[in-house]
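Please examine the sequence and the model shown here before reading on. The report then treats pockets, nonpolar cores, salt bridges and backbone angles in turn.

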Amino acid sequence: GIDKSKKADLEMRLKVKEVLEGGKQIRCAPWNNKEIEFMNTLQLLTSKPAVFLCNLSENDYCRQKNKYLAKVKAWIDEQTGEPLIPFSAEFESKLVSMTAAESEEYQAEKKVKSQVSRIITQGYHSINLIHYFTAGSDEVKCWTIQLGTKAPQAAGRIHGDMEKGFICAEVIHWADFDALESESACRDEGKQHQEGRNYDVLDGDIIFFKFN
């Protein structure tokens with residue numbers, strides 16, 4: 001007979017086999033928490049989130065037309081529903097060889113934008129990563145954390161002592177900083193908030209941590 005401790009593992013492996021043989025990606029099938037915990041040990045490629053990149057010629061990208069793009073999008077929507085980003089490696093490679101001013105001018109001329117920032121941002125979000133900023137008089141640093149990270153654990157990303165001695169976080173949301181363009185203006189407008197241990201850090205937050 002089958003070892004009872006292994007029976008559940010076998011049943012889950014058989015379910016995985018059935019899903020794959022049915023032509024589906026593992027992440028697109030319904031799973032309970034126990035099954036997800038087990039599958040994380042298998043490191044299956046199709047269990048990982050995906051962002052689909054569709055590489056177009058520069059001409060197709062600039063005119064925003066390609067005869068296959070709609071079909072590719074329809075397939076992705078049917079199979080996984082995950083993001084599709086059309087881009088052009090040909091176009092991006094030209095921008096890399098230009099100065100910042102030349103790049104801006106070329107993008108304006110072609111009436112399209114580089115997709116590199118969008119690809120990076122979407123990749124971050126697909127694996128539930130966000131970032132926050134700390135700023136001093138001479139430098140700004142960006143820190144990567146998981147979505148849903150509390151303020152003390154975000155402080156611990158900088159140094160363990162900051163998590164242990166956490167007192168509070170003084171937070172400016174990125175949208176407020178982008179609109180007012182300086183920390184002092186945000187403080188003057190009451191846009192700097194003091195947050196405690198239960199604060200979920202948001203993407204783009206600018207934070208000053210107080211700790212013992």
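## Pockets

The largest pocket holds about 240 Å³ of space. This model is predicted: local features need pLDDT of at least 70 and side-chain atom pairs count only at pLDDT 80 or more, while totals for chains, interfaces and linings use all residues. Residues are numbered from 1 along each chain as its sequence is written, and side-chain values use heavy atoms, with hydrogens and water left out.

Rolling a probe the size of a water molecule over the atoms shows where empty space is left. Here a pocket is an open set of points on a 1 Å grid over the protein atoms alone, where a 1.4 Å probe fits and protein lies on both sides within 12 Å along at least five of seven lines; lining residues have an atom within 4 Å of a point. A volume is the space filled by probe spheres set on the points, which are joined across faces, edges and corners.

Sixteen residues line the largest pocket, and Thr134, Ala135, Ile207, Phe208 and Phe209 lie nearest its centre. At least two lining residues come from each of β3 (129-135), β4 (140-146), β5 (166-172), α11 (183-188) and β7 (206-211). These labels follow DSSP runs numbered from the N terminus, with helices (H or I) of at least four residues and strands (E) of at least two. Strand β7 gives the largest share of this lining, five residues.

By residue type, the lining of the largest pocket has 10 nonpolar, two polar and four charged residues. In this count Ala, Val, Leu, Ile, Met, Phe, Trp, Tyr, Cys and Pro are nonpolar, Asp, Glu, Lys and Arg are charged, and the others, Gly among them, are polar.

The second largest pocket contains about 180 Å³ of space. Its lining is formed by Ile26, Arg27, Trp31, Ile36, Met39, Asn40, Gln43, Ser47 and Lys48; four of these residues are nonpolar, three polar and two charged.

## Nonpolar cores

In soluble globular proteins, nonpolar side chains tend to be buried together. A nonpolar core is a set of buried Ala, Val, Leu, Ile, Met, Phe, Trp, Tyr and Cys residues joined through side-chain atoms within 4.5 Å. Buried means under 20% relative accessible area, exposed over 50%, and partly exposed in between (1.4 Å probe, protein chains only).

The largest nonpolar core has 15 residues, and Tyr132, Ala169, Val201, Ile207 and Phe209 have the most contacts inside it. At least two of its residues come from each of β3, β4, α8 (151-156), β5 and β7. A second, separate core of 10 residues includes Cys54, Leu69, Ile76 and Tyr106.

Isoleucine 207 is named both beside the centre of the largest pocket and in the largest core. Apart from neighbours within four places in sequence, isoleucine 207 is in contact (heavy atoms within 4.5 Å) with Tyr132, Phe133, Thr134, Ala169, Glu170, Val171 and Val201.

## Salt bridges

Side chains of opposite charge can pair when their charged atoms come close. A salt bridge is a side-chain nitrogen of Lys or Arg within 4 Å of a carboxyl oxygen of Asp or Glu.

| Glutamate 58 | Lysine 94 | 2.7 Å |

Glutamate 58 is buried at 6% relative accessibility, whereas lysine 94 is partly exposed at 33%.

Lysine 210 is partly exposed at 33% relative accessibility, and glutamate 170 is buried at 17%.

## Positive phi angles

Glutamine 43, although not a glycine, has a positive phi of about 55°. Glutamine 43 sits in the loop between α2 (33-39) and β1 (52-55) and is exposed at 55% relative accessibility. Glutamine 64 likewise has a positive phi, near 55°. The loop between α3 and α4 (69-79) contains glutamine 64, which is exposed at 53% relative accessibility.
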